[in-house]
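Me: I have a structure to read and I am new to it. Please take me through some features, one by one.

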Amino acid sequence: MATLADAGLTFTTTAHPAPVAAEARAAVLANPGFGTNFTDHMVTIEWTEGRGWHDAVIGPRQPIPLDPAASVLHYAQEIFEGLKAYKQADGAVALFRPEANARRFNDSARRLAMPELPEALFVEAIEQLVRLDRAWIPEGQGASLYLRPFMIATEAFLGVRPAKQYKFIVIASPAGNYFKSGAPAVSIWVSDYTRAAPGGTGAAKCGGNYAASLVPQAEAIARGHDQVVFLDAAEHKWIEELGGMNLYFVFDDGTLLTPELTGTILPGITRDSLLQLAREEGLTVQEGRYSLDQWRDDATSGKLVETFACGTAAVVTPVGKVSGRDGAFTIGSGGPGQLTAKLKNRLVAIQRGEAADTHGWIRKIA
């Protein structure tokens with residue numbers, strides 16, 4: 001039993017009666033892939049109107065009982081987060097900026113008319129799951145335990161209104177590299193589709209945003225690319241983000257530019273971390289608009305020397321080639337750039353406890 005006084009809840013822990021055998025787990029950890037294998041346990045916490053959060057349980061990972069009329073299945077009240085637990089240089093295990101994920105989770109909850117979860121409860125739920133399933137954290141470069149907290153509306157009813165019952169869940173998955181192509185830099189396709197519009201849910205981390213990206217993402221892959229990039233909905237000219245990652249542009253004078261947060265772009269935690277690290281490096285960092293035409297012109301002239309995408313899953317990934325219906329262009333040499341590599345290495349070193357954490361981003365838990 002573990003008490004979280006701030007939330008007034010007690011976690012009940014039940015160990016899995018038949019966990020994955022050590023040999024089978026070792027085989028998974030030797031080549032974990034991304035998002036296809038899962039640990040033995042999960043967290044569930046219930047919310048009911050008039051009662052609030054209750055019944056906090058850490059138990060065996062298993063199917064979720066759900067009524068066919070559950071609101072999430074009909075009106076898409078669903079949000080999620082993504083963060084990682086890392087093995088540290090001293091042998092400890094730590095999370096990277098989980099409080100930031102907790103805040104963004106509640107931002108998403110408000111936009112989807114869902115109850116907010118106390119930040120302390122969000123972090124404690126994750127910490128307890130990581131402690132229990134620590135043996136699932138893989139070793140090696142790029143390896144981590146990917147954590148997926150999410151919330152769904154579970155009330156059984158048909159009618160367009162916010163639900164009165166919800167379930168918060170955390171599952172975990174051992175993870176290796178996100179991109180499987182093995183290329184030194186990814187190739188992206190400029191989509192004709194729109195990811196988000198002003199006043200919509202683009203800044204919320206909800207499943208509907210990602211569902212809308214599946215067709216354009218499949219189109220990009222069919223054309224031989226790794227990812228898709230979306231333009232703005234109003235003018236269809238301004239760069240916004242990839243299917244699930246933010247973008248940075250590096251110019252020959254050392255200036256960095258990233259699209260500004262206008263409500264249609266997810267405020268990435270990796271994006272924010274890199275903003276801070278780049279400024280500490282003495283670089284000029286700008287948040288503003290950047291058009292597809294300017295991107296092409298700057299890459300062709302050599303003014304733009306690097307582009308990289310960033311996010312929790314892939315961390316920092318160089319972009320080498322951009323293609324669309326109006327043709328293609330290559331960025332720099334088409335491979336990783338020096339500044340991209342420098343920023344990635346510095347961020348990863350902090351996450352893994354190999355460099356000083358001057359920001360208080362690392363939360364050691366085991």
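Reply: We start with a definition. Buried means under 20% relative accessible area, exposed means over 50%, and partly exposed lies in between (1.4 Å probe, protein chains only). For charge, Lys and Arg count as positive, Asp and Glu as negative, while His and the chain ends are not counted. As for the source, this is a predicted model, where local features need pLDDT of at least 70, side-chain atom pairs count only at pLDDT 80 or more, and totals for chains, interfaces and linings use all residues. Residues are numbered from 1 along each chain as its sequence is written, and side-chain values use heavy atoms, with hydrogens and water left out.

Me: Which side chain of opposite charge is nearest to Asp40, and how far away is it?

Reply: That side chain is Arg25, 4.9 Å away. Asp40 is buried yet has no salt bridge.

Me: Where does Asp40 lie?

Reply: Helices (H or I, at least four residues) and strands (E, at least two) are DSSP runs, numbered from the N terminus. Asp40 sits in the loop between α1 (22-30) and β3 (41-48).

Me: With which side chain does the side chain of Asp40 make a polar contact?

Reply: First the idea. A polar contact is a pair of N or O atoms within 3.5 Å; within protein, one must be able to donate a hydrogen and the other to accept it, and residues adjacent in sequence count only if both atoms are side-chain atoms. The partner here is the side chain of Trp136, at 3.0 Å. A polar atom of the Asp40 side chain also lies 2.9 Å from the backbone nitrogen of Val20.

Me: What else is Asp40 in contact with?

Reply: Contact means heavy atoms within 4.5 Å. Leaving aside neighbours within four places in sequence, Asp40 is in contact with residues including His16, Pro19, Gly59 and Asp133.

Me: Now Glu155. Is Glu155 buried or exposed?

Reply: Glu155 is buried, because its relative accessible area is 12%. Glu155 is found in the loop between β8 (144-153) and β9 (165-175).

Me: What does the side chain of Glu155 reach?

Reply: The backbone nitrogen of Lys164, at 2.6 Å. Glu155 also forms a salt bridge with Arg161, whose closest N and O atoms are 2.8 Å apart. Arg161 is partly exposed, at 32% relative accessible area. Leaving aside neighbours within four places in sequence, the contacts of Glu155 include Ala69, Ala70 and Ser71.

Me: How many salt bridges does a search of the whole structure find?

Reply: The search finds 21. Take Arg110 and Asp107, with closest N and O atoms 2.2 Å apart. These two are separated by about one helical turn, because they are 3 residues apart in helix α3. Arg110 is partly exposed at 47%, and Asp107 is partly exposed at 41%.

Me: What about Glu241 and Arg195?

Reply: They form a salt bridge, the closest N and O atoms being 3.5 Å apart. Glu241 lies in strand β12 and Arg195 in the loop between β10 (186-190) and α5 (207-211), so the pair ties together parts that are 46 residues apart in sequence. Glu241 is buried at 2% relative accessible area, and Arg195 is buried at 8%. Elsewhere, salt bridges that share partners join Glu99, Glu127, Arg131 and Arg363 into one network.

Me: Which residues form a nonpolar patch on the surface?

Reply: Patches are made of residues with over 30% relative accessible area and no salt bridge: like charges are joined within 9 Å, nonpolar side chains (Val, Leu, Ile, Met, Phe, Trp, Tyr) within 5 Å. Accessible areas come from the Shrake-Rupley method with a 1.4 Å probe; for residues, only the protein chains shown count as cover. Here Ile64, Leu66 and Leu73 form the patch, with about 240 Å² of accessible area together. Leu73 belongs to helix α2 (residues 71-75). Leu73 counts as exposed because its relative accessibility is 52%.

Me: What is the phi of Ala113?

Reply: Phi of Ala113 is positive, about 60°, although Ala113 is not a glycine. Ala113 is in the loop between α3 (98-111) and α4 (119-132). His236, also not a glycine, has a positive phi near 55°.

Definitions and conventions. A salt bridge is a side-chain nitrogen of Lys or Arg within 4 Å of a carboxyl oxygen of Asp or Glu.
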